[in-house]
Amino acid sequence: MAGKKQTTSIKPVDPYGIDFGTAFISGNVITKLSAVILGLGNILCKQLIRGLIYLALECAYIIFMLSFGIGAIKNLITLGTKTQVEVFNEAKQIYEYTVGDNSMLCLLYGVIIIFVTLLFIGILTSSVKSAYHSQKLKEAGKPLPRFIDDLGSLRHEKLHNTLLFFPIIGVICFTIIPLVFIILIAFTNYDQKHQPPGNLFDWVGFDNFTSMFKLGGVLSNTFWPVLQWTFIWAIFSTFSCFILGMLLAIVINREGTRYKGFWRFIFVLSIAVPQFVSLLTMSTFFNASGPMNVMLKSLGIISAGTTIPFLTNPLLAKITIICVNIWIGVPFTMLSTTGILNNIPKDLYEAAKVDGANVIVTFFKITLPYMLFIMTPALITAFVGNINNFNVIFLLTGGGPQSIDYYYAGKTDLLVTWLYKLTVTNKEYNIGAVIGIIIFVILATLSLITYRHTGSYKDEEAFQ
Amino acid sequence: MKNNMKPSGRTKKFISNSLVHIGLAIVGFIWILPIVFIILTSFRQEEGTYKSYIIPKVLTLANYKNLFATDGSLVFTKWFFNTLCVAAVSCILSAFFVLCVAYVFSRLRFRMRKKLMNIALILGMFPGFMSMIAVYYILKGLGFLEAGQLKLVALALVYSAGSGLGFYIAKGFFDTIPKTIDEAAYIDGATKWDVFTKITIPLSKPIIVNTLLTSFMAPWVDYIFAKVILGQDREYYTVAIGLWTMLQKEFIQYYYTTFFAGCIIISIPSVILFIFIQKFYVEGVSGAVKG
């Protein structure tokens, strides 16, 4: 493996391997000046096009900042100062609104300016590095790459820049900027009472976090039970699906079972039905007057007047949700474990048979440890996925039954569905953002502990 | 004694086998029941919502006719084509993004590689729709929410823009393609771009199909983003929120059976696709070159 690694770095001098610090310190005056007048080093080395592109980018940035950026940064700090005011217009005899500042847009533009500035710093360092590279080549008397060569290198040495360009732009615009924006919201009082454009909101520091954790408050009275249920749900749903799915796969795979394909088909059929369809169906299925109660009545299990409140009694709703999740999840586990079960070396079982082990002993001593070893990463991903499992809860119960003890949450709400209710339906953006950050912290801790320990993270080139 | 051993073992086996089959039949029945219920209700003639029986008294195709009727406030055909367009655009874009990112992280070595991979890992841990409010305002600022068609374009962008972060499966697949193939090509003077387009991509059909299909299916089942971006514009709904609307208080009395007809129509293509791709799916996840 080590030998292969060396062969991949073919170029002896990799100009982009040097960091900005060394380039700036050990470069000559022109290189240093390239940090102020971008592209200077390249222009003086007759790499005109490259240098002029740097220079043009710098001019564009300066013009942009002067005309728009400085005001936006000022607004980011104050989040707007002019409130929208109602003024009576004598001539028209109506109330009119003066245009005030929109705190939300102030914050958004501020975040965008920060990212544009970061981008500019990136261009600046690259200009210095490029100047240093040209300087070194000139000193060594080697030919300087022309612009065409630069373009050509995008197909080979710098292919990663070409291929990553569009995906990274997409991720920055639609994931990173919104995330930074929403994280900043957690430190403001952007709630129902402070809705732009009518009202301004302002920075409040860590107030939202303290009210979330402070014992006795209505927020923390909601937060802790919801967090507890989130974990109970994640643990039960992950392990029930894993164990039952594996058992099903074992039963179908065992020697004596006939029509294996037919059994598999029956269970796989429920995967093929889109999840929201089966979930919405299930929510009607378990409705108070829905088919499940009807069936129980016609079988005589419950008397005619009564109904079982599958989705309206808090405890029963939780049990129903987990059962429905088993219905949805087991076929997936069955599919993925079938292949792995076939991979367990057959001689292990034969040896166990010779030693007189029965089915149960072989399951606990051979099958389960083997499966756990292989499936641990998948189990963790499933666990994380279940903490964020929006669809099952939202489409099945909508978080209900509602509770008056809770702040805009029902008894079966997970953190994510609560987040949805707070932001989308109730416009309590600051609290929603705080919950989002808490979810992130939980998931990050879980993933860091586990990913670091998996073999595929430590030794990803094992099979190349 | 010895003569008796064999038959008794056989009966034991027979009994346990029949028990297993009976058990499987019962469990299988539970799994099939909701699906049978969907199919039966979609053909039910009796209007209204819940009935005191399960098997419909009269079967009819009227629900399907009602589903494809072009009048009324809920127009399924429009939703279907909206979703189809969004799915087509976003699946091509996301497949492109995913393949590029996966290849870069699997095969190319550069300074920021490990850092970028860690950033992707961290970004993946935020709940997806946490940033939705900000995305909504960014789209509004860019003027994407002015007209219905533009909203659909915006939706396709939202589905595909962040897809580069989901490169793990494809990267795992590229990791299993032997590097010696690439090195042989370099010796023949190929650039890395040539290797990517002429060697890796053709070798990766299973994972391409897998990526295309998973991203094609997403808009059909996504509910949250579509709901936030499309708002109250029923004409431009996608299938998922459209069907959800049918079960809301103001529509459920009239549209209950139609909802199930819609579910059947949506499920048929995905069942066919699923049976068709099952092979690709298994191959795609387990690698190109088997050891």
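## A buried pair in chain B

Start with Asp182(B): it is buried, with a relative accessible area of 4%. Keep in mind that this is a predicted model, so every value here is computed from it.

Which side chain does Asp182(B) meet in a salt bridge? It's Arg107(B), at 2.7 Å from N to O. Arg107(B) lies in helix 3 (residues 76-107) of chain B, while Asp182(B) lies in helix 8 (residues 179-187) of chain B, so the pair ties together parts that are 75 residues apart in sequence. Arg107(B) counts as buried too, at 8% relative accessibility.

Here's the general idea: side chains of opposite charge can pair when their charged atoms come close.

## A buried pair in chain A

Chain A has a salt bridge between the side chains of Asp413(A) and Lys421(A), with 2.7 Å from N to O. Are these two buried or exposed? Asp413(A) has 1% relative accessibility, and because anything under 20% counts as buried, Asp413(A) is buried. Lys421(A) is buried as well, at 11% relative accessibility.

## A bridge between the chains

Now hop across to the other chain. The side chains of Arg155(A) and Asp194(B) meet in a salt bridge, 3.8 Å from N to O. This pair crosses between chains: Arg155(A) sits in the loop between helix 7 (147-153) and helix 8 (159-185) of chain A, and Asp194(B) is in helix 9 (residues 192-203) of chain B.

The two ends have their own surroundings. Arg155(A) is partly exposed, with a relative accessible area of 40%, whereas Asp194(B) is buried at 18%. Lys198(B) joins in too: together with Arg155(A) and Asp194(B), Lys198(B) is part of a network of salt bridges. Over all chains, a search of the whole structure finds 9 salt bridges.

## Chain A as a whole

Zoom out and you'll find 20 helices and 2 strands in chain A. Its radius of gyration is 31 Å, well over the 23 Å that the globule rule gives for 464 residues, so chain A is more spread out than a compact globule. Its C-alpha atoms fill a box of roughly 90 × 85 × 40 Å along the principal axes.

How much of chain A is buried? Buried residues make up 46% of its 464 residues. The chain exposes about 23500 Å², and carbon and sulfur atoms supply 70% of that area. As for charge, chain A has 32 positive and 24 negative charges, and their mean positions are 7 Å apart.

Key:
Residues are numbered from 1 along each chain as its sequence is written. Chains are lettered from A and ligands numbered from 1 in the order in which they are written. This is a predicted model: local features need pLDDT of at least 70, side-chain atom pairs count only at pLDDT 80 or more; totals for chains, interfaces and linings use all residues. Side-chain values use heavy atoms; hydrogens and water are left out. A salt bridge is a side-chain nitrogen of Lys or Arg within 4 Å of a carboxyl oxygen of Asp or Glu. Helices (H or I, at least four residues) and strands (E, at least two) are DSSP runs, numbered from the N terminus. Buried means under 20% relative accessible area, exposed over 50%, partly exposed in between (1.4 Å probe, protein chains only). The radius of gyration is taken over C-alpha atoms; the globule rule is 2.2 Å times the number of residues to the power 0.38. Accessible areas come from the Shrake-Rupley method with a 1.4 Å probe; for residues, only the protein chains shown count as cover. Lys and Arg count as positive and Asp and Glu as negative; His and the chain ends are not counted. The place of a charge is taken as NZ of Lys, CZ of Arg, CG of Asp or CD of Glu.
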